[in-house]
Structures are given as C-alpha cells and as structure tokens.
Amino acid sequence: RHPSPRIIRTLGNIMPISTREATIGDVSTLVDMMREFYAEAQYALDSEWAKSSFSALLTDSSRGGIWIVYLDDAAAGYVVVTYRFSMEFGGMDAFIDDLFVFSKYRRQGIGKAALTAAFEACVRRQILAVHVETSTNNSPAVALYGGFGMRDRQRLLLTKKLTSRCEVLLIGKQPNQLPDPTSPSVTPPARAGGAPSVAADH
C-alpha cells in the first residue's frame, strides 16, 4: 500500500498517484527503470553496476535517498537525491542526481510528485539547498525545476574523472568502436535534466 495517494483523471479514468521512499527491496525495480532511462538515450546499462550503486545508497541514508512514484499501483518513475556538506551554506545540501519518468506516464504529474517527495524529505533533514544539473536547451526540465524555485546561478559545473570506468556503452557499437572511457566526452545520459528523464512532464 502506498501512502497519501493523489487522484488524477487520465482519459476519463480516475488514477491515483502515490510516492514512497525506496528500500533495498526495490533495487530490481530501480535497475529496470534505469535501464529504460539509458535505453531512451541509446546507452546500454551495466546492471551489476546499477544494482551496486542503488544498494550503496539505500543501505546508508546519510548518502541520500530514492523515491518511487506509482500511478495506479504501477511504478511510473523515480528520483535520486544525494547529500553532502557544503561550506558555502554552512551545512548539508543536496543534489538531484537522477529523475526519470516512463514515457507513457509523462504529462501526468509524475515528475512533480517525485520532486515534491524529495523536497519534503530535504526539509525534514534540514538540508539548506538543493541543486540539479540540466542542459540549457531542455526547456521541459528547466520549467519543471523552476516550478520548485530552482534557478540558474550563472555558474559552471566542472568535472574531472578520477576513474577510468566507463559507466555506459553506446548500444550497437562494436568493441573497436567504443569510445575511450577516460575521455571527457564519455558520459551517461544527461542525468536529472536529460530529455528522457522529465521531457513533457510538467
């Protein structure tokens, strides 16, 4: 049973939306959703890596949390939030690391429900700020996050990889066609702000 369902109307039918925090027992469901997330961007997912990553987060609540959104009892999407200490804010802040909604469930408020649960949890944990990375040309994502008061602070996010591990491989590529995993251009789908994650879901 999922807590506090919100009722919506879809094509004349009444369907409840509910959200709950994920547990270790949800790892297989989360991996399945992440596989769909990656497939939309034409990437293959290392399922064992995904399972390990979800498990590491779900067994240590100090690292963050994951919330699954259900529509009429079917898992429709999820959001991952990670925590860290921030010198700028003098306490804990958070990053929206992943946000994904199945394409068939978009434009039904699933993304909003996921972010609502995440922000409520951050308030309870006394998180001082929440950040997200998204592309400037992803207007659906910018609009969705903007609805929660998230704004462009006119700063760059710069990254240096400290591992040679390649999280994803392009689907259909032969081994000799795969990119150098240490290259800065080798990246997974566009995470929380990517087109597969929240497109047309606000």
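**Close-up views of a predicted model**

**View 1. Strand 4 is enclosed.** In this predicted model, 8 of the 8 residues of strand 4 (residues 64-71) are buried, so the strand is largely enclosed by the rest of the structure. Buried means under 20% relative accessible area, with exposed over 50% and partly exposed in between (1.4 Å probe, protein chains only). Strands (E, at least two residues) and helices (H or I, at least four) are DSSP runs, numbered from the N terminus. Both faces of strand 4 are covered. G64, I66, I68 and Y70 are buried on one side. G65, W67, V69 and L71 are buried on the other.

**View 2. Strand 4 pairs with strand 5.** The two strands run antiparallel, and strand 5 covers residues 74-86. Their pairing extends over 8 bridges; two strands count as paired if DSSP finds at least two bridges between them. G64 has T82 of strand 5 as its bridge partner. The strands form a hairpin with 2 residues between them. D72, in the turn, has a positive phi of about 55°.

**View 3. F54 sits in the largest nonpolar core.** This core has 48 residues. L30, F54, I66, Y78, V79 and V81 have the most contacts inside it. Helix 3 supplies the largest share of this core, 8 residues. A nonpolar core is a set of buried Ala, Val, Leu, Ile, Met, Phe, Trp, Tyr and Cys residues joined through side-chain atoms within 4.5 Å. F54 touches V27, L30, V31, M34, I66, Y78 and V80, leaving aside residues up to four places away in sequence. Contact means heavy atoms within 4.5 Å.

**View 4. Helix 3 spans residues 110-124.** Buried residues of helix 3 include I110, G111, A113, A114 and L115. A117, A118, A121 and C122 are also buried. Q126 follows the helix, with a positive phi near 60°.

**View 5. The whole protein chain gives the context.** The chain has 5 helices and 8 strands. Their order is β-β-α-β-α-β-β-β-α-β-α-β-α. Of its 202 residues, 41% count as buried. Among contacts with a separation of 6 or more, 63% join residues 24 or more positions apart.

**Notes.** Residues are numbered from 1 along each chain as its sequence is written, and side-chain values use heavy atoms, leaving out hydrogens and water. Local features need pLDDT of at least 70, side-chain atom pairs count only at pLDDT 80 or more, and totals for chains, interfaces and linings use all residues.
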